[in-house]
Amino acid sequence: MKKLGVIDLGSNTTRLIVMAYEPGYSFRLTDEVSETVRLAEGIGPSRMLQPTPIRRAVEALRMFYSLCQSTGVDHVIAVGTSAIREAANQDEFWTALREVTALDLRIISAEEEAYFGYLGAINALPLHTGALFDTGGGSTQVMAVRNRELTQSFSVQAGVVRFTEQYVQSDPVSRADLRRLREAARTAFAPIDWIADLSDGKLGGIGGTVRQLARIDQKMRHYPLERVHGYVLSREAIERIIEELARRSRRDRLQIPGMKEERVDITLAGAVIIATLMDRGGFTSLLVSGQGVREGIFYQHFLADQPQPLIADPRGFSVLNLAHLTHYEPQHCARVAHLSLSLFDQLAPLHGYGAWERELLGYAAILHDIGISVGYYDHHKHGEYLIHNATLLGFSHREIVIIASLVRNHRKGWGELAPYAPILTPDDETRIARLSAMLRLAEYLERSKSQIVRDVRVHLGEEIVIDILADGDAHVEIWEASRRSGLLRRSFGRDVQIRAA
């Protein structure tokens, strides 16, 4: 695999990601480092970068580049955004940087920053039409999306560091300061008259502030997953967080579960910026993106041979990506998927499920054995863990819980669902039981991993009769499947008979 390092010098934070990849085929994140540099600190109306923030930024860039060199990264792409882009004294920054490192840093325009943020998020979120925004330390980019295409963008100097310095003069924050923050945000987003036309779609949020708000909300709700990417954050939840932050002093904010120390003073301004943007567009909730500018730059590199750096089917791609990374057995998994889906289709008069459940079952069939990459024993449990912690693109948290549960249940036993009650719907337990039963049966009909069982024919009556169509002796497979048919019987409330055709 090749290794690409992407460094993003932001107005608040400098970040490095290292991706190992085979072009157009598979990738994985191998390292991630971030450092709070506050490059926009004290920049003021003069747009002059201050000596201390310059030193912090240059040192972080030097360290990140050195790390890439020492860990065998093949290529490094480094970009700078709002603070350095707008600085009146860029020469001072360049002089300081070139004294300590040969890193080639490219300053990207506001339009390029919006484009890379769009690429990172659109390849990762289930968002086809709507809007995206990226709130950083110095600015916010807003992007219009229709049918996954970027149609227009808007950039404004409404960033968390900039707004905190300009409008927050009290601790705890006074009502007057909070009012000034809200007024400044409303003024900043007033020109975006097109955003309201996208309110029938979804809103996706990029950046450290929106991830910080999601972590706080998850702690408040006792949310069962630590996954931030794909989290649904409501406008009401953001307002609750604003009120909580405003009534506390800086020291007391550190006690809020989920709060990061480096964001304790700037999160309120960021929350107001995001809440105001949501109001401007009429959005009642947003999808949190764990991917943004850095990942967008990676996708442009990873998909360089395509007309556009867009993954056509992010869900299917990321499932196969995870399968490739865990060295799955394609023929075995394809046959398990075929048998699972054949059972699904023929049992449709009983379960009444549609294309959505069928899709999730097919994905679970591809991933059912990935836990073997950790160890054979309890590999169903290892697989569940891997799915909960993998980069799965375009899936909701509910879908991830369902797929992970199917993988957990594909061999034996039953994964406890009670912890996921805030994510699942009341009928999901039955849904998961029935889909798990089909996957389990298909797995044991492929017990020898030799594709002996070609297909199944299901007869529905007082009992479920399953005829096995085989290209050879399938006695072992029929015996194993019969032993493991209890979940199918219990979930459908009918006896099950499995026999040779």
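Student: Which charged end sits over the ring of F492, and how far is it from the centre of that ring?

Tutor: Glad you asked! Keep in mind that this is a predicted model. The charged end belongs to R434, and it lies 4.7 Å from the centre of the F492 ring. Look also at W479: the charged end of R483 sits over its ring, 4.7 Å from the centre.

Student: What about rings with rings: by what is an aromatic pair described?

Tutor: Two values describe such a pair, namely the distance of the centres and the angle of the planes. In this model, a search of the whole structure gives 16 aromatic pairs. One of them joins F27 and F298, with 5.2 Å from centre to centre and 65 degrees between the planes, an edge-to-face arrangement.

Student: Where in the chain do F27 and F298 lie?

Tutor: F27 is in strand β3 (residues 26–36) and F298 in helix α11 (residues 293–302), so the pair links distant parts of the chain, 271 residues apart. F27 is buried because its relative accessibility, 4%, is under 20%. F298 is buried as well, at 0% relative accessibility.

Student: Why does the pair of F27 and Y299 count as edge-to-face?

Tutor: Its planes meet at 80 degrees, and the ring centres are 6.0 Å apart, so the pair is edge-to-face. Y299 lies in helix α11 and F27 in strand β3, so this pair ties together parts 272 residues apart in sequence. Both residues, F27 and Y299, are buried.

Student: Which residues do ring pairs link into a cluster with F27?

Tutor: The cluster holds Y21, F27, F298, Y299, F302 and F317.

Note on methods:
Residues are numbered from 1 along each chain as its sequence is written. This is a predicted model: local features need pLDDT of at least 70, side-chain atom pairs count only at pLDDT 80 or more; totals for chains, interfaces and linings use all residues. Side-chain values use heavy atoms; hydrogens and water are left out. Rings of Phe, Tyr and Trp (its six-membered ring) pair if their centres lie within 6.5 Å; planes under 30 degrees apart count as stacked, over 60 as edge-to-face and the rest as tilted. Helices (H or I, at least four residues) and strands (E, at least two) are DSSP runs, numbered from the N terminus. Buried means under 20% relative accessible area, exposed over 50%, partly exposed in between (1.4 Å probe, protein chains only). A charge sits over a ring if NZ of Lys or CZ of Arg is within 6 Å of the ring centre and within 35 degrees of the ring normal.
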